[in-house]
Every structure is written in structure tokens, then in C-alpha cells.
Amino acid sequence: MGNTKVIAAVYGLREIQNKSQQKNGHALVLCEYSMAHFNTGDRRRQKNDMRSTEISLVIRQTMEACILTELLPHSQIDIFLQVLQADGVI
């Protein structure tokens with residue numbers, strides 16, 4: 001335990017790239033989660049598998065609750081997470 005290693009990068013504030021995704025008066029938070037291929041036993045694992053999509057959604061919802069998105073209208077924040085080493089069941 002305690003040996004999980006994650007690289008996180010947050011980019012923003014910037015203008016929303018895709019205007020159709022714009023929320024009414026709130027910032028748009030996007031999140032992408034992935035595991036390093038050398039970290040998993042399954043080499044054929046696809047980039048957008050269901051588990052990664054669900055984890056990305058949970059992280060995005062958590063970050064939206066922490067960020068005062070109503071104070072940042074017409075803005076976009078991108079969050080990228082890459083798990084290098086997972087300690088535990090993934």
C-alpha cells in the first residue's frame with residue numbers, strides 16, 4: 001500500500017474549444033484517465049474501455065463540485081491523469 005504513482009496535469013482556464021459543449025454560465029471541466037500499458041497485465045486493453053470512462057466521469061464530477069464553475073463562464077479546464085504504478089486492485 002502507498003505505492004501508487006499518478007501523473008496529473010491540469011490545463012486551463014481557456015476558451016471553450018467546442019461551443020456545443022458549453023454549459024449555461026458555467027465552466028466546462030473535461031477529464032481523461034488512463035493506465036500505463038506496462039502497469040496492466042492486459043496488453044490488449046483499449047484506450048477508451050468502460051472502466052476508464054467510468055473513472056473519468058467520477059473524477060470529472062468530483063472536480064466540478066470542487067471548482068466554482070459559475071464564476072468562470074465560457075471557460076474550459078482539462079484534467080489528464082496517467083496511472084504509472086497501481087498499488088492494489090485495479
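Me: Which residues are exposed on the other side of α1?
Reply: Please note that this is a predicted model. On that side of α1, the exposed residues are M50, A65 and C66.

Me: And which residues of α1 are buried?
Reply: S52, S56 and E64 are buried in α1. They sit on the same side of the helix, because the arc they cover around the axis is only 100°.

Me: What do the buried residues of α1 pack against?
Reply: They pack against β2, which comprises residues 28–35. The helix as a whole lies across β2 and β3, and runs at about 140° to β2.

Me: How far apart are the end C-alpha atoms of α1, and what should the helix span?
Reply: The end C-alpha atoms are 25 Å apart.

Me: Let us step back. How many helices and strands are in the chain?
Reply: The chain has one helix and three strands. Read from the N terminus, the elements follow the order β-β-α-β.

Me: What is the order of the strands in the sheet?
Reply: The order is β1-β3-β2, in an open sheet with mixed pairing. β1 and β2 are the edge strands, as each of them pairs on one side only. On average, neighbouring strands are turned by 10° against each other, with direction ignored.

Me: Mixed in what way? Which pair runs parallel, and which runs antiparallel?
Reply: β2 and β3 run parallel and are joined by eight bridges. β1 and β3 run antiparallel, with nine bridges between them. In general, strands of a sheet pair through backbone hydrogen bonds, in either a parallel or an antiparallel manner.

Me: Which residue in β3 stands opposite R14, and which stands opposite V29?
Reply: R14 stands opposite Q76, while V29 stands opposite I77.

Me: How accessible are Y11 and F80?
Reply: Y11 has a relative accessible area of 48% and is partly exposed. F80, at 34% relative accessibility, also counts as partly exposed.

Me: Now I7. Where does it lie, and which residues does it touch?
Reply: I7 lies in strand β1. Leaving aside residues up to four places away in sequence, I7 touches F80, L81, Q82 and L84. The C-alpha atoms of I7 and Q82 are separated by 5.2 Å, although the two residues are 75 apart along the chain. I7 counts as partly exposed, at 48% relative accessibility.

Me: What about S75: is it buried or exposed?
Reply: S75 counts as buried because its relative accessibility is 11%, and buried means under 20%. S75 is placed in strand β3. Apart from residues up to four places away in sequence, S75 touches L13, R14, I16, A27 and L28.

Me: A word on the backbone. Which peptide bond is cis, with omega near -10°?
Reply: The bond from G12 to L13 is the cis one. L13 is placed in strand β1.

Me: And which residue has a positive phi although it is not a glycine?
Reply: That is H74, with a phi of about 60°. H74 lies in the loop between α1 and β3.

Me: Finally, the chain as a whole. What percentage of its 90 residues is buried?
Reply: Buried residues make up 26% of the chain.

Me: And how much of the contacts with a separation of 6 or more comes from residues 24 or more positions apart?
Reply: Such residues account for 87% of those contacts. The pair of Y11 and F80 is an example of a link between distant parts of the chain.

Conventions. Residues numbered from 1 in each chain as written. Predicted model: local features only at pLDDT ≥ 70, side-chain atom pairs only at ≥ 80, totals over all residues. Heavy atoms only, no water. Helix = DSSP H or I, 4+ residues; strand = E, 2+ residues; numbered from the N terminus. Expected span 1.5 Å × (residues − 1). Buried < 20%, exposed > 50% of the residue type's maximum accessible area, 1.4 Å probe, protein only. Arc of directions from axis to C-beta. Contact = heavy atoms within 4.5 Å. Pairing = 2+ DSSP bridges. Axes fitted to C-alpha atoms, helices over the stretch in contact; angles between N-to-C directions.
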